[in-house]
Amino acid sequence: MKFLSTENLILAYKNALKSRKTKHEIYIFNQNLEKNLKNILSDLQNRIYTHWSYKYFSLCDSKKRYISSPIFRDHILHHMIYNICYDVLDKRMIYNSFATRKWKWLHQWLHYIVSKIKSQKNNQNLWYLKIDISKYFYSINHDVLKQKISKYIKNSDVLYAIQLVINSYQTSSLFDSLFAKQSDYRKTKSKWVPIWALYSQLFANFYLSEIDRYIVQQIKPQIYARYMDDFVFLDTKERLQQIKLSVIKKIEEHKLVVVPKKTQINTLKHWISFLWFKIQSIWSKLHISVNSKNKKKFRKSVDTIKSLEYDHISRQDKKRIISVFESRKWIFKHTGDTERYFKNLPNTPINLQNK
């Protein structure tokens with residue numbers, strides 16, 4: 001499938017529609033659908049396409065996130081790029097790189113780590129190292145990202161479109177206080193990929209693929225996995241001390257900064273808390289649990305459901321309640337906490353769906 005083809009454009013339009021069916025801007029766009037789609041292709045072919053600014057809002061889930069949403073026209077362009085680039089860039093990522101990849105979701109990361117730990121003859125000697133990058137999406141260097149992508153994407157039309165979206169925004173001074181004055185973050189203006197934009201997840205994951213290859217080919221830890229910008233290593237304590245220095249140095253070469261407080265080395269006998277889960281090894285037996293934050297959120301969602309007056313809930317609110325509940329419920333299915341938390345679970349969400 002060619003990038004500047006009607007086939008790619010129509011596919012991108014249909015995919016962009018899926019998440020924005022009720023938006024007023026879709027209605028306006030569809031009033032002159034054929035003309036608007038032709039204009040996208042024409043502007044890209046003539047290299048006169050203008051990427052509009054994003055709509056900004058904040059979202060609070062596990063932490064406060066600043067979300068950037070493109071207009072529908074640009075959202076179609078993002079899908080056009082994604083359709084062409086995904087397979088090319090995904091093939092350059094190692095197996096144990098997870099997040100926003102097909103069949104590489106969070107529970108796959110969990111199962112991968114658990115299976116690797118279980119395969120070790122004596123996992124009581126294992127220690128873990130966690131490394132996290134400070135404000136990762138806001139720190140991605142535009143020049144470095146373009147250079148990385150251009151190694152594998154050679155089509156000039158695709159590269160033109162990629163440069164358009166990469167240049168569509170630059171990080172403001174919002175997080176400058178978190179970084180030293182001499183850091184690359186403070187020095188570089190051309191950085192950041194927008195959270196929420198379709199291409200940003202793919203580009204952000206791909207940005208670290210070179211570091212992944214360095215780790216598995218040069219450092220060779222016993223166990224290694226990455227979920228976006230969260231790195232986890234399992235090895236002996238002595239080896240992890242060396243790995244820590246080498247990996248941080250490599251990360252800094254890519255114009256990124258590591259969070260010192262979140263860089264931890266500890267024995268697997270203590271809980272290793274990673275994203276939504278906790279893993280612990282006691283007497284060669286592995287325990288998997290949900291972390292405290294998500295347990296509290298699950299209890300809160302259950303309490304909310306119990307207190308609702310169902311006859312006065314709109315259909316939209318019902319969908320939102322069910323979505324939140326099911327997302328929390330899903331986490332527990334991959335741990336040993338299922339029986340404990342689902343023993344006295346109300347059947348309210350089923351009732352909501354049937355009304």
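The model is predicted, with local features requiring a pLDDT of at least 70 and side-chain atom pairs counted only at pLDDT 80 or more, whereas totals for chains, interfaces and linings use all residues. Residues are numbered from 1 along each chain as its sequence is written, and side-chain values use heavy atoms, with hydrogens and water left out.

The secondary structure of the protein chain consists of 16 helices and 10 strands, where helices (H or I, at least four residues) and strands (E, at least two) are DSSP runs numbered from the N terminus. Of the 355 residues in the chain, 50% are buried, a term that stands for under 20% relative accessible area, while exposed stands for over 50% and partly exposed for what lies in between (1.4 Å probe, protein chains only). Among the contacts in the chain with a separation of 6 or more, 70% join residues 24 or more positions apart, a contact being defined by heavy atoms within 4.5 Å.

Five strands form an open sheet with mixed pairing, in the order β3-β5-β6-β4-β7; its edge strands, each of which pairs on one side only, are β3 (97-98) and β7 (264-267). Two strands are taken to pair if DSSP finds at least two bridges between them. Strands β5 (residues 223-227) and β6 (residues 230-235) run antiparallel and are joined by 5 bridges, with A225 standing opposite V232 in β6. Helix α5 (residues 106-119) lies across β3, β5 and β6 and runs at about 170° to β5, the angle being taken from 0 to 180 degrees between the N-to-C directions of lines fitted to C-alpha atoms, for helices over the stretch in contact.

In helix α7 (residues 142-150), the buried residues are H142, V144, L145, K148 and I149. Seen down the axis of α7, these buried residues fall within an arc of 165°, so they line one face of the helix; the arc is that of the directions from the helix axis to the C-beta atoms. The buried residues of α7 pack against α8 (156-166), α10 (198-207) and α11 (209-219), whereas D143 and Q147, on the other side of α7, are exposed.

Residue S69 is located in strand β2 (residues 64-69) and is buried, with a relative accessible area of 12%. When its neighbours within four places in sequence are left aside, S69 is in contact with R20, Y54, K55 and F57.
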